[in-house]
Amino acid sequence: MPDLDLNLLVALDALLRERSVSAAARRLGLSTSAMSRTLSRLRTALGDPILVPAGRGMVATPHALAIAEDVHSLKEAVKAVLSPPSTVEIREVRRDFTIRANEAFVLIFAAGLSAAVANAAPGIRLRFAPRSDKDVQSLRDAAVDLDIGVLPTESGELRCQTLFEDRYVGLARTGHPIFDADEITVESYAAWGHVLFSPHADFAGPVDRALAELGVHRDVRLIVPSFPAVIAVAAASDLIGAIPNSYRKSAATSQIRTFDLPVAVPGFDIVQAWHPRMDADPVHRWLRALIFQTFKSMN
């Protein structure tokens, strides 16, 4: 239908409602002559007079009467489709959201986020998916609604919002000899064996790069797949670990002590990322705002 003009649908509905060219013109804010030209176009398109003179007024033809309600319904449907999303009553929404995040994030923050969502919108459920796959395609396809963590590598087409700034801290078991001295120095820190979280099984991380700038090398003895694993290994051995400061609460046990690293390691932002296709979705917008406010209150 290459010549389809939706304005004709609006005009036809006004004409059939008003049964008057001048009244229909006033209804649509048009001149009477413009509405007369539109009526001519409609008569040609439908192959029917639509309205014909009757005394001082006009009457609809049988075909016009037959299609009047369909025309009105179609006009309202088109109006709804081509209008901005309506305001939603969030407590009435029934919807599931998938959030991609790493294991440590889920252990520390999932319960709090779930409680905040349930309190405001009991019909919304959260599903946390592992962050082993950080591809953008999952966000494009809506298989994942939000990606929470360090900014994805392929982030050019994504929308991102910083939730909080994080940094690394060291940790070792309670009673570890490294705490015997009054101060943990670069030398005493590097002298011990270390456990490292590395998603790519790399024996060097940001701490190693910071040490290398000082000409110091530490002995990484073990690589594990998550920060909770770093905490567990450090608690059960003499290996020293490093975790994001935001995970300190999960390491706050009698078995573990955390400390400031003796070397300056760059901090990093934890963001929530989503695809632009979800920008205008009112419920998705609400969830993003709730997550942002939740983290703002935590920090």
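Strand 7 and strand 10 pair in the antiparallel sense over four bridges; two strands count as paired if DSSP finds at least two bridges between them. Helices (H or I, at least four residues) and strands (E, at least two) are DSSP runs, numbered from the N terminus. The structure is a predicted model, in which local features need pLDDT of at least 70 and side-chain atom pairs count only at pLDDT 80 or more, while totals for chains, interfaces and linings use all residues. Residues are numbered from 1 along each chain as its sequence is written, and side-chain values use heavy atoms, with hydrogens and water left out.

Leucine 171 stands opposite glycine 241 in strand 10. An open sheet of three strands has the order 10-7-11, with antiparallel pairing. Its edge strands, strand 10 and strand 11, each pair on one side only. The twist averages 40 degrees from one strand to the next, where axes are lines fitted to C-alpha atoms, for helices over the stretch in contact, and angles run from 0 to 180 degrees between N-to-C directions.

A second open sheet holds five strands in the order 4-3-5-12-6, with mixed pairing. Strand 4 (124–129) and strand 6 (159–166) are its edge strands, each pairing on one side only. Helix 5 (residues 103–120) packs on this sheet and touches strand 4, strand 5 and strand 6; contact means heavy atoms within 4.5 Å. The direction of helix 5 makes about 170 degrees with that of strand 4. Helix 10 (residues 282–298) also packs on the sheet, and its direction makes about 15 degrees with that of strand 6. Within the sheet, strand 5 (residues 146–150) and strand 12 (residues 268–274) run antiparallel and are joined by four bridges. Isoleucine 148 has glutamine 272 as its bridge partner in strand 12.

Aromatic rings were also examined. Rings of Phe, Tyr and Trp (its six-membered ring) pair if their centres lie within 6.5 Å; planes under 30 degrees apart count as stacked, over 60 as edge-to-face and the rest as tilted. The count by this rule is 11 aromatic pairs. In one of them, the ring centres of phenylalanine 179 and phenylalanine 259 are 5.9 Å apart and the planes stand at 80 degrees, so the pair is edge-to-face. This pair links distant parts of the chain, 80 residues apart: phenylalanine 179 lies in the loop between strand 7 (168–173) and helix 7 (186–190), and phenylalanine 259 in strand 11 (residues 256–259).
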